[in-house]
Amino acid sequence: MPIPQSDPLVVAPTPTPFTDTDHIDHDALGQNVRKWLNTPLSGFVLTTANGEETLLSEDEKVSIITTVNQARLGERFVIAGIDVGSTLETLRLAERYATAEWISSEYASQGHSRLMLYASTSPRSRQTHPCL
């Protein structure tokens, strides 16, 4: 699904559920996404401060993107946040998110953006970049 061009776009930070042993509860995350598909949300905002960004490793963030993408069944869009102090690290993470194995070559070949990265290295350089 391409990112909608109509107003308003309705997105909200997607909370990350954890198990009793402090691991990501991917089953609960998938169930939540399937419930939210029945709401007016336009997309899912992942790996940001409201999604427990500071508690997650890079691999865990990628696994969250993968889980949400699988659960959304091609509906809605995903915004993956990157908020690090280094420009090089921002670019490296953006590349990793954009080329994560969850990106389907069939969808990408149709020219649709599936992931939008919100990258910030400083308050003045905040910008949004659509990726395949």
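Which residue in E3 is the bridge partner of Val45? Here are some friendly notes that start from that point.

1. The bridge partner of Val45 in E3 is Ile79. Please keep in mind that the model is predicted.

2. Strand E3 itself spans residues 77–83 and is mostly covered, with six of its seven residues buried. For the protein chain as a whole, 41% of the 132 residues count as buried.

3. On the overall layout, the protein chain has four helices and five strands. Their order along the sequence is β-α-β-α-β-α-α-β-β. Among contacts with a separation of 6 or more, 65% are between residues 24 or more positions apart.

4. Next, the aromatic side chains. The count is one aromatic pair. It is formed by Trp36 and Phe44, whose ring centres lie 6.5 Å apart with 40° between the planes, a tilted arrangement. If you look at the two partners in turn, Phe44 is buried at a relative accessible area of 1%, whereas Trp36 is partly exposed at 23%. The cut-off for a pair is 6.5 Å between centres, so a look at this one by eye may be welcome.

5. Now the charged side chains. Five salt bridges are counted in the model. One of them joins Arg92 to Glu58, with the closest N and O atoms 2.4 Å apart. Arg92 sits in helix H3 (residues 87–98) and Glu58 in helix H2 (residues 58–71), so this pair ties together parts of the chain that are 34 residues apart in sequence. Both partners are partly exposed: Arg92 has 36% relative accessibility, and Glu58 has 24%.

6. A further salt bridge pairs Arg96 with Asp59, at 2.8 Å between the closest N and O atoms. This pair also links distant parts of the chain, with Arg96 in helix H3 and Asp59 in helix H2, 37 residues apart. Arg96 counts as partly exposed, at 28% relative accessibility.

7. Arg92 also meets Glu89 in a salt bridge, at 2.7 Å from N to O. Here both residues lie in helix H3, three residues apart, or about one turn of the helix. Glu89 is partly exposed, with 27% relative accessibility. Through shared partners, salt bridges join Glu58, Asp59, Glu89, Arg92 and Arg96 into one network.

Note on methods
Residues numbered from 1 in each chain as written. Predicted model: local features only at pLDDT ≥ 70, side-chain atom pairs only at ≥ 80, totals over all residues. Heavy atoms only, no water. Helix = DSSP H or I, 4+ residues; strand = E, 2+ residues; numbered from the N terminus. Buried < 20%, exposed > 50% of the residue type's maximum accessible area, 1.4 Å probe, protein only. Contact = heavy atoms within 4.5 Å. Pairing = 2+ DSSP bridges. Phe/Tyr/Trp six-rings, centres within 6.5 Å; stacked < 30°, edge-to-face > 60°. Salt bridge = Lys/Arg side-chain N within 4 Å of Asp/Glu carboxyl O.
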